[in-house]
Amino acid sequence: MSEFRNPGEGHARPAGFPRRRPARWCAGLLLAAVGVPLTCRALDTDGVTPVPQLLAFLPWLTAPAAVALLLAAGTRWVAGCAWGLVALAAIGWFLRPYGTGGAPATGPVAARLRVLTANLEFGGATPGLLAALRRERPDLVSVQECAPAVCGTALGRAEVRAAYPYRLVVGGGAAEGSAILSRYPLEPDGAVPGVLAMPRAVVRVADVPLRFQVAHPMPPVPGGLAVWRGELGRLRELAAGRGGTALVIAGDFNASQDHAAFRALLDTGVRDSAAVLGLARTPSWPRPVAPRLGVQIDHVLVSAAVEPRAARFLDLPDTDHRALVVDVALHGRR
C-alpha cells in the first residue's frame, strides 16, 4: 500500500527562519536610518531635519551600521551584509579630513601669533576664560556668548585692558554677545549679519593687515535650518571675497566638516587649522562628553597668508564648548 505524504513535506522552511525575521527587520531599519544621512553626505546636501543633526555625528553612525552588519550576517541575509559593508565603507571614506588643502603660505614671516577662540555659554565660563588668557597669553581672541553683565564687565577690568588694549565688544544678550581682544591695534570692519553677533576687525600686525572675523551662526535646530544655512553662506561670501588680504575666521560655527554648508566655506580656499595639524574631528562640543564623544564645531579657519603651526583644545569650566588655541605664522607679501 502506498504511503501518503504531506504535500509540503520535504520543502519546509529552515527551523530558524521565523526567528530571523525580527533580526533582519532590525538590521534593515538600522541601515535605512544610517543610509539617509550618508546619501545626503554623498550628494553634498544637508537635507532636512533630522539629517543635519545626524550628519554632525556622522562618525558615530559606525555603531548602528556595524550592529546591522552583524545582524545581517547572523541571519545569512546576503543583501543586508552587502548593504552594511557599503555603509561602513562610505563612513570610512567620509572620515578623511576636509579643508586641509589650499595654496601654501608665501612670503616672509611677518609675525607669529597665538589665536584663541572660546564659547562661554551665556558668559558662564568667563572666569575660565580669564585664567586661560593669563596662562596661554594669546595675541588675538574670539569670544562667543559674551554676556554683557558678566563677560563684558570682566573684560573691562584694568588687568585685561592692560594685556589687551584693543578690543571690540558687541551684542546685548547672553548668547548674542561677542568680543574681539587684541594685543595689536585694530579697527572695526563691519560684521557678518546674523541673529548672534559676528563682528570683524582689521588688525595691524607688523604693518600687515589681518582681517579677524568672529564666527557664531545659529545652530541647525528644527525649524531654523534656513537661518543656519544663510549665516554660514554669509561667512562663505566673506571668505570668497577676501582677495589677497590675510583672513582668520574663528569661533563656534555650529557645523562640522560633514555639513555641506561648512564644506562650501572651506571650498573657498580657507583651511581648517585643526585639520591641517592632524586634529581633524577632535570633539569640541558638547564638552561633558568630549573629547571621547561629540563633534568638532569650534574652528579657526585661515587663508593662505596664515600658516598653522600648532593647535590645542582646552577645557574651560562652566561651558559646553572646548576652547581652541592655534599658533600661526603670518606671512607678509613678497
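The largest pocket of this predicted model is lined by 22 residues, and Pro219, Pro220, Asn254, Trp285 and Ile297 lie nearest its centre. A pocket here is an open set of points on a 1 Å grid over the protein atoms alone, where a 1.4 Å probe fits and protein lies on both sides within 12 Å along at least five of seven lines; lining residues have an atom within 4 Å of a point. By class, the lining holds 12 nonpolar, 6 polar and 4 charged residues. Asp, Glu, Lys and Arg count as charged, Ala, Val, Leu, Ile, Met, Phe, Trp, Tyr, Cys and Pro as nonpolar, and the others, Gly among them, as polar. The space in this pocket is about 390 Å³, taken as that filled by probe spheres set on the points.

The second largest pocket has a volume of about 260 Å³. Its lining has 17 residues, and Gly244, Ala246, Ala305, His331 and Arg333 are the closest to its centre. That lining divides into 7 nonpolar, 7 polar and 3 charged residues.

Helix α3 covers residues 62–74; helices are DSSP runs of H or I with at least four residues, numbered from the N terminus. At 1.5 Å a residue its 13 residues should span 18 Å, and the end C-alpha atoms are 18 Å apart, which agrees. The expected span is 1.5 Å times one less than the number of residues. Ala65, Ala68, Leu69 and Ala72 of α3 are buried (under 20% relative accessible area, with exposed meaning over 50%, 1.4 Å probe, protein chains only). Seen down the axis, the buried residues of α3 fall within an arc of 100°, so they line one face of the helix. On the other side of α3, Leu70 and Gly74 are exposed.

Key: Residues are numbered from 1 along each chain as its sequence is written. This is a predicted model: local features need pLDDT of at least 70, side-chain atom pairs count only at pLDDT 80 or more; totals for chains, interfaces and linings use all residues. Side-chain values use heavy atoms; hydrogens and water are left out. Helices (H or I, at least four residues) and strands (E, at least two) are DSSP runs, numbered from the N terminus. The arc is that of the directions from the helix axis to the C-beta atoms.
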